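This briefing covers strand pairing, aromatic ring pairs and charges over ring faces. Please keep the sequence and the 3D structure in view while reading.

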Amino acid sequence: MYSVSFFLCAFLFLFSSYLFSGVTTHSHPFLTSPVFYNNFFYGYDSETSLRKLTISGQDEWSISDFFNTEFPLEIHFGVLFAVSKEGHLIAYDAQLHHELWRFQRSSVQHFFVFYSGIYILTNTGNVVCLSFSTGREKWRYSQKKTSSMFPVGQSSFMILEHSDTYRLLDLSQGQIVRDLDVLQKPSVFLTSWNRGFAFRVGNTVSTFFLYPSKVESLSNFPKSNKGYYRENCFIYTYEQSVSSFDLEMQETLWRWDSSADISSAYFSDTSIFIYDSLGRMYSISYETGEENYHIDVDISGDISEDRKSTRLN
């Protein structure tokens with residue numbers, strides 16, 4: 001029997017396209033791609049309205065304020081985060097839609113949410129840590145102006161970019177651990193895991209390991225630019241295959257082959273969903289590359305299971 005999540009994924013893919021295409025739902029189209037959380041859609045339908053819709057498109061509630069819709073909505077642990085026109089971070093109860101708190105001391109340029117705290121880069125280049133539950137400021141790093149920041153996996157570190165260098169910030173105390181002079185500028189950070197992170201300088205992809213501190217260039221990094229970074233893995237599609245490349249071990253973990261070109265891929269929290277040029281939909285395991293199941297949508301309505309995965313040693 002096929003998992004409900006697979007059918008739900010297909011429905012969400014189509015429904016999200018429908019909502020984002022500008023077609024109205026109760027005369028209120030979403031301006032930006034909605035967020036799906038606990039079987040509800042959340043999104044802006046104007047710069048002054050935030051809405052929650054059921055999976056069938058019915059209104060649950062709406063919030064009126066002046067929002068900066070350039071900031072994507074985020075939902076973590078039942079809390080919905082939005083940014084106002086003034087750049088203030090606002091936390092709402094995602095179920096009951098009442099405001100929990102609002103941080104107004106500084107304008108937000110970027111933010112990351114962890115249960116341990118909310119980390120904000122302000123428009124003045126400060127890094128601020130807020131309490132998740134109350135929004136109160138726990139600490140502020142302002143020794144040197146920060147232009148961007150990047151978390152290192154689920155660890156307690158954040159990479160800070162300054163005008164002349166990168167630095168490693170300890171999130172538990174708001175203190176600099178050390179300078180990262182080994183990193184070249186400009187670097188584009190791709191993904192991270194607890195032991196390190198991957199970054200790109202020009203066309204070269206490299207990994208940086210925290211302990212011991214070292215940088216390694218990935219000469220065998222896949223050439224495909226159609227992919228998804230998931231912690232220390234780069235999962236990418238190329239013609240009729242999907243592969244997972246381990247950035248830390250610098251090797252291909254698995255490859256899954258199809259008999260038709262891959263049209264699109266959707267990366268959920270638990271599986272990879274593949275749509276091929278023949279209209280078939282597949283669910284692929286992140287860890288092993290094995291096919292969980294697929295639906296062959298053709299005229300006859302047949303459902304077959306003939307796709308295989310190759311595990312590379």
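A charge is taken to sit over a ring if NZ of Lys or CZ of Arg is within 6 Å of the ring centre and within 35 degrees of the ring normal. By that criterion, Arg230 lies over the face of Tyr286, at 3.8 Å from the ring centre, and Lys214 lies over the face of Phe209, at 5.3 Å from the ring centre.

The model is predicted, so that local features need pLDDT of at least 70 and side-chain atom pairs count only at pLDDT 80 or more, whereas totals for chains, interfaces and linings use all residues. Residues are numbered from 1 along each chain as its sequence is written, and side-chain values use heavy atoms, with hydrogens and water left out.

**Strands and sheets**

- Strands are DSSP runs (E, at least two residues), numbered from the N terminus, and two of them pair if DSSP finds at least two bridges between them.
- Over 5 bridges, β25 pairs in the antiparallel sense with β26 (residues 271-276), and Tyr266 stands opposite Phe273 in β26.
- Strands β11 (residues 127-130) and β12 (residues 137-141) run antiparallel and are joined by 4 bridges, with Val127 opposite Tyr141 in β12.
- The hairpin of β11 and β12 has 6 residues between the strands, and in this hairpin Gly135 takes a positive phi near 80°.

**Aromatic pairs**

- The structure holds 23 aromatic pairs, counted where ring centres of Phe, Tyr and Trp (its six-membered ring) lie within 6.5 Å; planes under 30 degrees apart are stacked, over 60 edge-to-face and the rest tilted.
- Phe150 and Phe189 form a stacked pair, 5.1 Å centre to centre with 20° between the planes, which links strand β13 (residues 148-151) to strand β17 (residues 188-193) across 39 residues.
- Phe189 also forms a tilted pair with Phe199, at 6.4 Å and 50°; Phe199 lies in strand β18 (residues 196-201), so this pair ties together parts that are 10 residues apart in sequence.
- Ring pairs link Phe150, Tyr166, Phe189, Phe197, Phe199 and Phe208 into a cluster.

**Burial**

- Buried means under 20% relative accessible area, exposed over 50%, and partly exposed in between (1.4 Å probe, protein chains only).
- Phe150 is buried, Phe189 counts as buried at 16% relative accessibility, and Phe199 counts as buried at 4%.
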